Amino acid sequence: MNIDRINHLVLTVKDVDETCTFYQDILGMEIEIISARRRALKFGDQRFNLHQKGMRFAPEAHTPTPGAIDIAFKVKESVEQIKTELENQNIPIEGIVQRPGATGKVTSIYFRDPDQNLIEVSSST
């Protein structure tokens, strides 16, 4: 088997509406309505499927839990621009760090989504 790319990841969340608002307003993701009960967040050619805690989907992860993910995104903007955007939206910043990334040195900024998932946004500019 040779994996080509990730098709989607599933985020288990406390409140789908709150999650959609955050990821659309803060990270610029597009909301996709899959059905009356299901929504996803699209970015590029990838997406997060959203499952609300307590609403069962089969099959599902062994222990679907809000706040259990730590995900890193790569952006073209500078971290200074991202920092300003987050401050303007009153999003608390947990730190800014320089480190090696998958394609070279990056500067990353950390913050949390409504479920307390750790979000890292990194830039090489």
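## Salt bridges

E94 and R112 form a salt bridge, with their closest N and O atoms 2.7 Å apart; the term covers a side-chain nitrogen of Lys or Arg within 4 Å of a carboxyl oxygen of Asp or Glu. E94 lies in the loop between α2 (79-88) and β6 (95-101) and R112 in strand β7 (residues 104-112), so the pair ties together parts 18 residues apart in sequence. Helices (H or I, at least four residues) and strands (E, at least two) are DSSP runs, numbered from the N terminus. E94 is partly exposed at 47% relative accessibility, and R112 is partly exposed at 29%. Here buried means under 20% relative accessible area, exposed means over 50%, and partly exposed lies in between (1.4 Å probe, protein chains only).

The model is predicted: local features need pLDDT of at least 70, side-chain atom pairs count only at pLDDT 80 or more, and totals for chains, interfaces and linings use all residues. Residues are numbered from 1 along each chain as its sequence is written, and side-chain values use heavy atoms, with hydrogens and water left out.

The whole structure holds four salt bridges. One of them joins the side chains of D17 and R39 at 2.8 Å, N to O. This pair links distant parts of the chain, with D17 in helix α1 (residues 16-27) and R39 in strand β3 (residues 39-43), 22 residues apart. D17 is partly exposed at 47% relative accessibility, as is R39 with a relative accessible area of 26%. A salt bridge also joins the side chains of R47 and E32, at 3.0 Å, N to O. R47 belongs to strand β4 (residues 46-52) and E32 to strand β2 (residues 30-33), 15 residues apart.

Four strands make an open sheet in the order β1-β4-β3-β2, with mixed pairing; two strands pair if DSSP finds at least two bridges between them. β1 and β2 are the edge strands, each pairing on one side only. From one strand to the next the twist averages 30 degrees.

Strands β3 and β4 run antiparallel and are joined by five bridges. F43 has Q46 in β4 as its bridge partner. Helix α1 packs on the sheet and touches β1, β2, β3 and β4, its direction making about 10 degrees with that of β3. Axes are lines fitted to C-alpha atoms, for helices over the stretch in contact, and angles run from 0 to 180 degrees between N-to-C directions.

## The nonpolar core

The largest nonpolar core has 21 residues, of which Y23, L41, F48, L50, L86, F111 and I119 touch the most other members. Such a core is a set of buried Ala, Val, Leu, Ile, Met, Phe, Trp, Tyr and Cys residues joined through side-chain atoms within 4.5 Å. At least two residues come from each of β1 (8-13), α1, β4, β5 (70-74), α2, β7 and β8 (118-123). Helix α1 gives the most, with five residues.

Not counting residues up to four places away in sequence, Y23 touches L11, G28, M29, L41, F48, D113 and I119 (contact means heavy atoms within 4.5 Å). Y23 is buried, at 0% relative accessibility, and F48 is buried at 2%.

## Aromatic pairs

Six aromatic pairs occur in the structure. Rings of Phe, Tyr and Trp (its six-membered ring) pair if their centres lie within 6.5 Å; planes under 30 degrees apart count as stacked, over 60 as edge-to-face and the rest as tilted. The ring centres of Y23 and F48 are 6.2 Å apart and their planes stand at 90 degrees, so this pair is edge-to-face. One aromatic cluster is formed by F22, Y23, F43, F48, F73 and F111.
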